Amino acid sequence: MDAPEHPALAGHFVVVMRRNFPRLVGRTAYERALDLMLEDQRDQVLSTTSVGWLPITTLDAFHYAVAEATGSDAVELTRELVDMNIQDTIRGVWRIAVKAATDRMLIKKAPTFYSRSYNVGEATSRLLGDGRAEMTVSGWPEMSPFTLPSLDVAIVRLLEHAGRRDVTSTSELTPDGGR
């Protein structure tokens, strides 16, 4: 399925999110969050398939609704959810492939992972040396407040599963996206 023209998240992440949000906050809070959403946005969240795309505006509305339903901070809740999603995704075959990857391979593939996750912006990455790397997203000046924290968690978990220790990630918005 072609990506929509507006910023969107790949459907396979939405499917995993729908499975994990009730595990994270409880079924009652999850359903209360869905009830807080506008009907068309709720329908989008519930109907997005693994080959579809969910508009970022709808994803953001869902994160805010879950935060409101649970009395939690929306960004921190998103970090916890992404952590759970990455843990689930890396189990199995991915776990073996990630452990075998070199730093150079992981950094080289980062833009590809990004482009399969989001339909907006362009990611570039480079090794800086001493176990450090940089990833920059450009072409998304109005980046969602949840995107960079999500990328931080995903990068850290991926590198930890690859056997790296003491992994940290920092990010900041830029006029053209983030890094």
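Among contacts in the protein between residues at least 6 apart in sequence, what percentage join residues at least 24 apart? The share is 67%, where a contact means heavy atoms within 4.5 Å.

This is a predicted model, in which local features need pLDDT of at least 70 and side-chain atom pairs count only at pLDDT 80 or more, while totals for chains, interfaces and linings use all residues. Residues are numbered from 1 along each chain as its sequence is written, and side-chain values use heavy atoms, with hydrogens and water left out.

View 1. Helices (H or I, at least four residues) and strands (E, at least two) are DSSP runs, numbered from the N terminus, and along the sequence they follow the pattern β-α-α-α-β-α-α-α-α-β-β-α-β-β. The C-alpha atoms fill a box of roughly 50 × 30 × 30 Å, taken along the principal axes. The radius of gyration is taken over C-alpha atoms, and the globule rule is 2.2 Å times the number of residues to the power 0.38; for 179 residues a compact globule would have a value near 16 Å, and the protein agrees with this because its own value is 16 Å. Of the 179 residues, 44% count as buried, where buried means under 20% relative accessible area, exposed over 50%, and partly exposed in between (1.4 Å probe, protein chains only).

**View 2. An open sheet of 4 strands in the order β3-β4-β6-β5, with antiparallel pairing.** The edge strands are β3 (122-129) and β5 (173-174), each of which pairs on one side only. Two strands pair if DSSP finds at least two bridges between them, and, as a general point, strands of a sheet pair through backbone hydrogen bonds, either parallel or antiparallel. Strand β4 (residues 132-138) is joined to strand β6 (residues 177-178) by 2 bridges, and these two strands run antiparallel. Serine 138 has glycine 177 in β6 as its bridge partner, and serine 138 in β4 also stands opposite glutamate 122.

**View 3. The hairpin of β3 and β4, with 2 residues between the strands.** These strands pair in the antiparallel sense over 7 bridges, and in their hairpin aspartate 130 takes a positive phi near 50°. Leucine 128 lies in strand β3 and counts as partly exposed because its relative accessibility is 34%. When residues up to four places away in sequence are not counted, leucine 128 touches Ala133 and Glu134.

**View 4. Aspartate 166, in the loop between α8 (147-161) and β5.** The phi of aspartate 166 is near 55°, which is a positive value in a residue other than glycine.

**View 5. Valine 16, in helix α1 (residues 11-25).** Valine 16 is buried, because its relative accessible area is 13%. Valine 16 and valine 82 are 66 residues apart in sequence, while the distance between them in space is 9.6 Å, C-alpha to C-alpha.
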